[in-house]
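Visitor: I am new to this structure and would like to know what stands behind the terms used for it. Please show it to me, and I will ask as we go.

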Amino acid sequence: MHLSHLGIADFRSYPAAEVDLGPGVSVLLGRNGQGKTNLVEAAGYVATLASHRVAQDAPLVRAGADGSAIIRATVHRDGHESLVELEIVPGRANRARLNRSPLTRQRDVLGTLRTVLFAPEDLALVKGDPGERRRFLDDLLVARQPRWAAVRADYDKVVRQRGALLKQAAHLWRAPTRRTGGPRLAPGESLEEGRAAALATLTVFDDQLAQIGAALLYARLRLLRDLRPYLEQAYRTISDSGTHADAAYRSSLAPGSPVAEAVAAGQVPEQAELAAAILESVEAVRTQEQERGVCLVGPHRDDVLLALGDLPAKGYASHGECWSLALSLRLAGFHLLRHDLGTDPVLVLDDVFAELDSGRRERLADLVADCEQVLVTAAVAADVPERLLGDGVRVFEVTLGSITSRSGAGASA
Amino acid sequence: MYEGVVQDLIDELGRLPGVGPKGAQRMAFHLLAADPEDITRLAEALLQIREKVRFCEVCGNVAEAERCRICLDDRRDPSMICVVEQSQDVAAIERTREFRGRYHVLGGAINPIGGVGPEDLRVRELVARLADGEVAEVIIATDPNLEGEATATYLARLLAPYDGVRVSRLASGLPVGGDLEYADEVTLGRAFEGRRMISTGPTG
């Protein structure tokens, strides 16, 4: 698939801008702070309904604009054209239209455009917190099958509900101190009764955590199993070395059970087995959870261990290796989606080339040459490998929120 | 800002659910121009809900007496209780005319974030209604969302030890008269789970 047109209004630094794109490579050139990344951020938003840079929508609306930002994207897939229009209204539900007809749920836009975006922030995939790697997996799940967006949202809610419950009930299990003077109980209720009642409610949310958590865990495990060969291959090509890159799932399941062992060994147990294992693990940390008032088991506590050769990447790999590994993760996602969908997602390389040495730059240029559409941003043309600036490539200059076409490939802006 | 009473009215109307400041202003000025009779009727209705409306002491539904009309109706089957979250759900099920048993209104669903636990719902009253052994089935009709499902699971566990009381849950599935292609994945998935056999093939 490819984007043939991208229009934005009151988005980030742009009052209004229109860009005609097409298959092949498009390069956006401009000095820092001129608004190159804003354009690819808009494309990413259409694909994922979230920005890769900020968690809230408010910064996406141009300062001084009248409350909302608009993105219009024309997507071509197999000769079929779809128009996605999004109105981003911070603090309220966004409005979405597909081919001019309004959608009741914004979520229904997911799947029309699929992008794989690599940006400098992605270094956190290797060096950052486990949350970054969980989000990588979950975002890829949704890009693969949009229905996972609902499961993911449900699971977040279960964790928040269960966390609130643990916090509220924490006082029941604490030893009374002089300051708190013991737990608060309903009139006529003994401590044992209070604890039994709290446990009965907690058990209900244990069940939900296990059911929905197992669905998410199962999906992540299958995804990682499918992703690993692509990761290994991408890293080998980018780094041009014999080093083997791998990713292993680190679950928060209580160690020792056959299911936890299987997960650690990279196998994918049945969903029902996973649900049972989560329940058992919850039971094993019951006292800790009650004392600390926090949900300690489930996919929200899991991690992905990235390794180069026999060593974990985090803490051992050099800066350059971390870059290559982060890039390889995104490229692996790209190849997995290409294999699944039977069409290429749009590949976005945001300010990537400046960070790579010349060998890696050239190999990356080789790798992306056969992609249906690649959007590249760079501060100066010298950073971009020459073959990506050749004939038929669209080059745009971005200066202070205005976009001008530099080369003639039928583009006008 | 308007003067005195007009602004007070706008503020009061603006507190109602689903009414924003603009809507409240529109309603206030509509009322200013309305017939005095209409205003009196509205004011009386408002006063009366405070005075007359009570909650049924058996099921918790809105009522005008100690018991609601459904609990007083002898023709209703006392062996079946349908458990719902709120009074509006009773009205919705009544419109179907399918259910001839009685109701129990919980007054919400378990929602720890909102500070609602089972002790804040009319759960104890439900259990008390099972004491005389007349009830044979409890149908749980809480909303099919996370909180509603949690409440249903809680009740199912709580009622499991009661002999002779069956506990059922409303089915989830496809809307009647709808198109399969427009159903969302979760609903369609549930509909698959809860599918019904319409032919089992020749036996033997």
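Guide: This is a predicted model. Let us begin with A:D78, which lies in the loop between β4 (69-77) and β5 (80-88) of chain A.

Visitor: Why is A:D78 called exposed?

Guide: The relative accessible area of A:D78 is 66%. Exposed means over 50%, so A:D78 is exposed.

Visitor: What is noted about the phi of A:D78?

Guide: Phi of A:D78 is positive, about 50°, although A:D78 is not a glycine. A:D10 also has a positive phi, near 55°, and is a residue other than glycine. A:D10 belongs to strand β1 (residues 2-11) of chain A.

Visitor: Why is A:R97 called partly exposed?

Guide: A:R97 has a relative accessible area of 32%. Buried would need a value under 20% and exposed a value over 50%, so A:R97 is partly exposed. A:R97 sits in strand β6 (residues 95-98) of chain A.

Visitor: What makes A:V84 a contact of A:R97?

Guide: Contact means heavy atoms within 4.5 Å, and A:R97 touches A:V84 along with A:L83, A:E85, A:P102 and A:L103, leaving out residues up to four places away in sequence. From C-alpha to C-alpha, A:R97 and A:V84 are 5.9 Å apart, while 13 residues apart in sequence.

Visitor: How do you know that A:R97 has a polar contact with A:R100?

Guide: A polar atom of the A:R97 side chain lies 3.4 Å from the backbone oxygen of A:R100. The limit for such a pair is 3.5 Å, so the pair at 3.4 Å is within it.

Visitor: Is A:S26 buried or exposed?

Guide: The relative accessibility of A:S26 is 2%. Buried means under 20%, so A:S26 counts as buried. A:S26 is part of strand β3 (residues 24-29) of chain A. Among the residues A:S26 touches are A:L21, A:V374, A:R394 and A:F396.

Visitor: Which sheet holds β3 of chain A?

Guide: β3 is in an open sheet of 6 strands, in the order β8-β12-β13-β3-β14-β15 (chain A), with mixed pairing.

Visitor: What makes β8 and β15 of chain A edge strands?

Guide: Each of them, β8 (115-118) and β15 (402-405), pairs on one side only. Neighbouring strands of this sheet are turned by 20° against each other on average, direction ignored.

Visitor: How do you know that β8(A) and β12 of chain A pair?

Guide: Pairing takes at least two bridges, and β8(A) has 4 bridges to β12 (residues 346-350), in the parallel sense. In β12(A), A:L349 is the bridge partner of A:F118, and A:L347 stands opposite A:V116.

Visitor: Which way do the residues of β8(A) point?

Guide: A:T115 and A:L117 point one way, A:V116 and A:F118 the other, and all are buried.

Visitor: Why is α7(B) called largely enclosed?

Guide: Of the 14 residues of α7(B), 10 are buried, so the helix is largely enclosed by the rest of the structure. The buried residues include B:L146, B:E149, B:Y154 and B:L159.

Visitor: How does the length of α7 of chain B compare with what is expected, and what are the numbers?

Guide: Helix α7 (residues 146-159) reaches 20 Å from its first C-alpha to its last, close to the 20 Å expected at 1.5 Å a residue.

Visitor: Which domains does chain B have?

Guide: The domain assignment gives domain 1 (4-52) and domain 2 (76-199). The centres of these domains of chain B, taken over C-alpha atoms, are separated by 36 Å.

Conventions: Residues are numbered from 1 along each chain as its sequence is written. Chains are lettered from A and ligands numbered from 1 in the order in which they are written. This is a predicted model: local features need pLDDT of at least 70, side-chain atom pairs count only at pLDDT 80 or more; totals for chains, interfaces and linings use all residues. Side-chain values use heavy atoms; hydrogens and water are left out. Helices (H or I, at least four residues) and strands (E, at least two) are DSSP runs, numbered from the N terminus. Axes are lines fitted to C-alpha atoms, for helices over the stretch in contact, and angles run from 0 to 180 degrees between N-to-C directions. Domain bounds come from an automatic or database domain assignment. Buried means under 20% relative accessible area, exposed over 50%, partly exposed in between (1.4 Å probe, protein chains only). The expected span of a helix is 1.5 Å times one less than its number of residues. A polar contact is a pair of N or O atoms within 3.5 Å; within protein, one must be able to donate a hydrogen and the other to accept it, and residues adjacent in sequence count only if both atoms are side-chain atoms.
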